[in-house]
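The following paragraphs lead the reader through a structure, one part at a time. Please keep the sequence and the model in view while reading.

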Amino acid sequence: MNSSFGIRHIIQFILFVVLQVFLMDNLVLFSMGFCFIYTAFILFLPINISRVWLLILAFATGFTVDMFYDTMGIHAAASVLLAFLRPLILNLLTPRDGYDTNDSVNIHVMGKSWFTTYALILILVHHAAVFFLETISFNDIWYTLAKILLSTLFTFVVMVILQLLFFSVKRANR
Amino acid sequence: MRNLFAFIYRFRAFLVFVLLEVLCVYMIVRYNTYQGAAFFNSANKYIGQVLEYQSSVTDYFRLASVNTTLARENAALREEVMRNRLEEQADSTDRLDTLYYAPSDTSKLSPYVLHAGRVINNSVRRTNNYLTLSIGTADGVMPGMGVISSHGAVGRIKTVSEHYSTATSLLHSQLLISAKIKSNSTFGTVKWNGGNYRTALLDYIPLHIKPAKGDTIVTSGFNTVFPEGIMIGTINSVEKEQDKSFYTIKVKLAVDFAQLSYVYVVENTLKDERDSLEIETGIQPNE
């Protein structure tokens, strides 16, 4: 991990959390679709990052969001779960010749289908964890499921838009 | 020993994962049950400052509606002052509304104190909604106090820092408010079950009562959080379900939670005395 890792990812961390707290907090579709875009920070971390670091960073992210949302521990728990599952999903999705050293989570490099499976599965797990931890019970299960599905789609679409806008093809080839 | 360390090293990711999850679950459980001790929430000094800065920007866009609400409230208060003055002149105690306390009642002697505060963070669409207010212990706010706005009951203070406080909104799955139907004083409990933020449920109204659509629901004053007679809402629909011994009543809330800007924190100066007396008698506080 060199210093450029640090600065770029600290900036990403701040950007995603600010985006989450100031903008996405007020943006709810049909009072059911929530966008937890801060998960993008965890999903976009380098592929070869160590598992322990990933877990700690995910905890820090979730915890920061929790403080603003007054949902002590819920987002942190979901993010840690997401970070734990991320290496497993990455293993499942390994391309035929393995990951290159400079491969990153980038829709242009890894391809659309790879990115879709990777992001959708992990976002779904994360959102399911958040909404079930929030209600604790299994009452209104259809309402919760609808919330999970709509929110997953919403977050995914925003994440793809971010990828297409800010993760250029050029940088990936470097 | 070496093997043990090797084992720990090999499964370090899993162990860290379990450790962090246990920590999270501990925080969730503690924050949900143990009131007042959580430090890492939006009443925190730094988080409060960020939220206050945000609301100082967004508040500009709502100034018109905030001003109208405040002006309307002023008008209502002036009207009440004038009415009281007239009544004082006429000295016609028999015309006083039943909502007013009888003169012999001690709760009239030391009334509730209101602390005005600005809402700097608010949500209405989550399962458990909270408000952050820009007043704290420095202004006399304590955990457990009620929060009202000019339209009606809003919630209850949960944690307090020096200059900020968080309140559990009425739109919280675990906040119950002791309420009564104003016309016949039948008391029940108002709670919110998620979904639409304009409607809540009124529970425990027995079947021999005949609640009608449009009846006013106010706070009962049976606990020390809210004064008696604070507006909660009006009855939207009354349903009698077959296997239940209580009505299912939907209440249209008087407060539009999405539009909250200024609220009042209610301090009951006799709270300690009343609570300790009730606990001594063995009555559990009903909230």
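Helices (H or I, at least four residues) and strands (E, at least two) are DSSP runs, numbered from the N terminus. This is a predicted model, in which local features need pLDDT of at least 70 and side-chain atom pairs count only at pLDDT 80 or more, while totals for chains, interfaces and linings use all residues. Residues are numbered from 1 along each chain as its sequence is written, and chains are lettered from A and ligands numbered from 1 in the order in which they are written.

Chain B has 6 helices and 12 strands. Of its 287 residues, 32% are buried; a residue is buried if 20 or more other C-beta atoms lie within 10 Å of its own, exposed if 12 or fewer, and partly exposed in between, with C-beta atoms placed from the backbone. Two residues are in contact if their C-beta atoms, placed from the backbone, lie within 7 Å. Among contacts in chain B between residues at least 6 apart in sequence, 60% join residues at least 24 apart.

Two loops of chain B deserve attention. Between β8 (199-203) and β9 (216-219) of chain B lies Y204(B), a residue other than glycine whose phi is positive, near 65°. Y204(B) has 15 other C-beta atoms within 10 Å and is therefore partly exposed. The loop between β6 (177-181) and β7 (187-191) of chain B holds S185(B), also a residue other than glycine with a positive phi, near 60°. S185(B) counts as exposed because it has 10 C-beta neighbours inside 10 Å.

Where chain B meets chain A, the contact takes 24 residues from chain B and 21 residues from chain A. On the side of chain B, α2 (12-33), α3 (45-58) and β2 (128-133) each supply at least two residues. The largest share, 11 residues, comes from α2(B). This side of chain B divides into 13 nonpolar, 8 polar and 3 charged residues; Ala, Val, Leu, Ile, Met, Phe, Trp, Tyr, Cys and Pro count as nonpolar, Asp, Glu, Lys and Arg as charged, and the others, Gly among them, as polar.

Within chain A, helix α6 (residues 112-135) packs with helix α7 (residues 141-166) at an angle of about 140°, their axes 9 Å apart. Axes are lines fitted to C-alpha atoms, for helices over the stretch in contact, and angles run from 0 to 180 degrees between N-to-C directions. The residues of the contact of α6(A) with α7(A) divide into 10 nonpolar, 6 polar and 1 charged.
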